Amino acid sequence: MISDKLENLARYAFFNKNISDVCKFINQHDLALLDNGKYVINDESWISISEYQTKPQCEPAMEAHKNYVDIQFTIKGREVLFFNELENHTVIKEYDENVDCAFYKAHTYGSIVLENGTFTILSPSDLHAGGYSVKEDCYVKKAVVKMHV
């Protein structure tokens, strides 16, 4: 997992060949004005925009992917994102290749706060669960970029 300021995202182009195109897309669009939905960036990556109310913190069902790396950041609002490494956790929903996702019960996990101007990159070896309240439930507009490994 990598976490940094969104303005530094281009520095991580070594991590995945699609990051340069992702940066171009972000710089060419006012993400706050985009409607909820999926926007294609190139043949191997896209960005999904969604809006929701965060939920109270609880023991999360954490997800992991095999074929895609996530870049997650909030456009408006802030949320807690729980994370851990994939190893040694209990599968609660087997991998579904149609959605590139499996769910796990993590025995331990850390957390970070995603807020305007910050991002996190989550590789296939990272469990994660987002959408949780920092202190109180709040409105979030979020972007999740999917980049093929």
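The model is predicted, so local features need pLDDT of at least 70 and side-chain atom pairs count only at pLDDT 80 or more, while totals for chains, interfaces and linings use all residues. Residues are numbered from 1 along each chain as its sequence is written, and side-chain values use heavy atoms, with hydrogens and water left out. Helices (H or I, at least four residues) and strands (E, at least two) are DSSP runs numbered from the N terminus.

**The largest pocket**

- The largest pocket has a volume of about 340 Å³. A pocket here is an open set of points on a 1 Å grid over the protein atoms alone, where a 1.4 Å probe fits, with protein on both sides within 12 Å along at least five of seven lines. Its volume is the space filled by probe spheres set on the points, which are joined across faces, edges and corners.
- Of the 20 residues lining this pocket, Glu-63, Gln-72, Gly-130, Lys-142 and Val-144 are the closest to its centre; a lining residue has an atom within 4 Å of a point.
- At least two lining residues come from each of strand 3 (45–53), strand 4 (61–64), strand 5 (68–76), strand 11 (126–132) and strand 12 (139–148).
- The lining has seven nonpolar, eight polar and five charged residues, where Ala, Val, Leu, Ile, Met, Phe, Trp, Tyr, Cys and Pro count as nonpolar, Asp, Glu, Lys and Arg as charged, and the others, Gly among them, as polar.

**Nonpolar cores**

- The largest nonpolar core has 22 residues, and Leu-9, Ile-47, Ile-71, Phe-73 and Ile-121 have the most contacts inside it. Such a core is a set of buried Ala, Val, Leu, Ile, Met, Phe, Trp, Tyr and Cys residues joined through side-chain atoms within 4.5 Å.
- Helix 1, strand 3, strand 5, strand 10 (118–122) and strand 12 each supply at least two residues of this core, and helix 1 gives the largest share, five residues.
- Apart from this core lies another, of ten residues, among them Met-62, Tyr-104, Ala-106 and Tyr-132.

- Asn-8 sits in the loop between strand 1 (2–5) and helix 1 (19–28), and counts as buried because its relative accessibility is 11%. Its side chain makes a polar contact of 3.1 Å with the side chain of Asp-4; a polar contact is a pair of N or O atoms within 3.5 Å, where within protein one must be able to donate a hydrogen and the other to accept it, and residues adjacent in sequence count only if both atoms are side-chain atoms.
- Lys-146, in strand 12, is buried at a relative accessible area of 15%. A polar contact of 3.2 Å joins its side chain to that of His-65.

**Positive phi angles**

- Most residues other than glycine have a negative phi.
- Asn-88 has a positive phi of about 65° and is found in the loop between strand 6 (78–85) and strand 7 (90–96). Asn-88 is exposed, with a relative accessible area of 69%.
- Asp-100 has a positive phi of about 50° and lies in the loop between strand 7 and strand 8 (101–105). Asp-100 is buried, with a relative accessible area of 7%.

Methods: Buried < 20%, exposed > 50% of the residue type's maximum accessible area, 1.4 Å probe, protein only.
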